[in-house]
Amino acid sequence: MHIRRVSFDHPDALKLNDQVQAEYAVRYGDDGDATPMAAADFDPPNGTYLIAYDEDGTPVASGGWRAQDANDEGNTDGDAELKRMYVTDGMRGRGLARRILAALEEDAREAGRVRMVLETGTKQPEAIALYTSSGYEPCAKFGYYRFHDESRCFAKDLRSAG
């Protein structure tokens, strides 16, 4: 597996984003995640976007973080918001999400971010299991879906992690 930094609007990122959005639509019965995001949100040093490629060069997993500071959606100064964590069906269960998560945490820490935060939902139990087993704890709701009953938010202090 090779993990590469790409832009959020890279063709492989767009392909994986379409796949994760389709999965969200099936799980939640809607059009996918409507959180406003721009490709520039993931440009270093204020974010990054990673894709894992298999030995044939096929994109099989993705994830990114973007800087967030105190805002009216519940973020606090120093937040790094995790977005678009995804592993294709045939590659699940191989530790790819955990590898991407660790790389994103390290990148955010090096960029001076102090807390990694994420929002997921009750219909993504495998995501919740990944995050809680990786040291994330429930936190106050934030972001676009903060008023939705199915929303679950988690955070991890990056200053003590490593």
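This is a predicted model: local features need pLDDT of at least 70, side-chain atom pairs count only at pLDDT 80 or more; totals for chains, interfaces and linings use all residues.
Residues are numbered from 1 along each chain as its sequence is written, and side-chain values use heavy atoms, with hydrogens and water left out.

The protein contains three helices and seven strands, where helices (H or I, at least four residues) and strands (E, at least two) are DSSP runs numbered from the N terminus. Along the sequence these elements follow the pattern β-α-β-β-β-α-β-α-β-β. The radius of gyration, 15 Å, is close to the 15 Å that the globule rule gives for 162 residues, so the protein is as compact as a globular protein of that length; the radius is taken over C-alpha atoms, and the rule is 2.2 Å times the number of residues to the power 0.38. Taken along the principal axes, the C-alpha atoms fill a box of roughly 40 × 35 × 30 Å. Buried residues account for 46% of the 162 residues (buried, under 20% relative accessible area; exposed, over 50%; partly exposed, in between; 1.4 Å probe, protein chains only). Of the contacts (heavy atoms within 4.5 Å) between residues at least 6 apart in sequence, 64% join residues at least 24 apart.

On a 1 Å grid over the protein atoms alone, a cavity is a set of points where a 1.4 Å probe fits but cannot get out, whereas a pocket is an open set with protein on both sides within 12 Å along at least five of seven lines; lining residues have an atom within 4 Å of a point. Grid points are joined across faces, edges and corners, and a volume is the space filled by probe spheres set on the points.

The largest pocket has a volume of about 840 Å³. Its lining comprises 37 residues, of which Tyr24, Met85, Thr120, Gln124 and Ala127 lie nearest the centre. At least two lining residues come from each of α1 (11-28), β4 (79-87), α2 (96-110), β5 (115-121) and α3 (125-133), and β4 supplies the largest share, seven residues. By class, the pocket lining has 15 nonpolar, nine polar and 13 charged residues (Ala, Val, Leu, Ile, Met, Phe, Trp, Tyr, Cys and Pro count as nonpolar, Asp, Glu, Lys and Arg as charged, and the others, Gly among them, as polar).

One cavity of 30 Å³ or more was found in the whole structure. The largest cavity has a volume of about 40 Å³ and is lined by Thr35, Glu81, Lys83, Glu119, Phe142, Gly143, Tyr144 and Tyr145.

Asp33 is placed in the loop between α1 and β2 (47-53) and is buried, with a relative accessible area of 14%. Its side chain makes polar contacts with the side chains of Thr35, at 2.6 Å, and Arg84, at 2.8 Å. A polar contact is a pair of N or O atoms within 3.5 Å; within protein, one must be able to donate a hydrogen and the other to accept it, and residues adjacent in sequence count only if both atoms are side-chain atoms. Not counting residues up to four places away in sequence, Asp33 touches Gln21, Tyr24, Lys83, Arg84 and Tyr145.

Ala25, in helix α1, is partly exposed at 22% relative accessibility. Leaving aside neighbours within four places in sequence, Ala25 is in contact with Asp30, Asp31 and Gly32.
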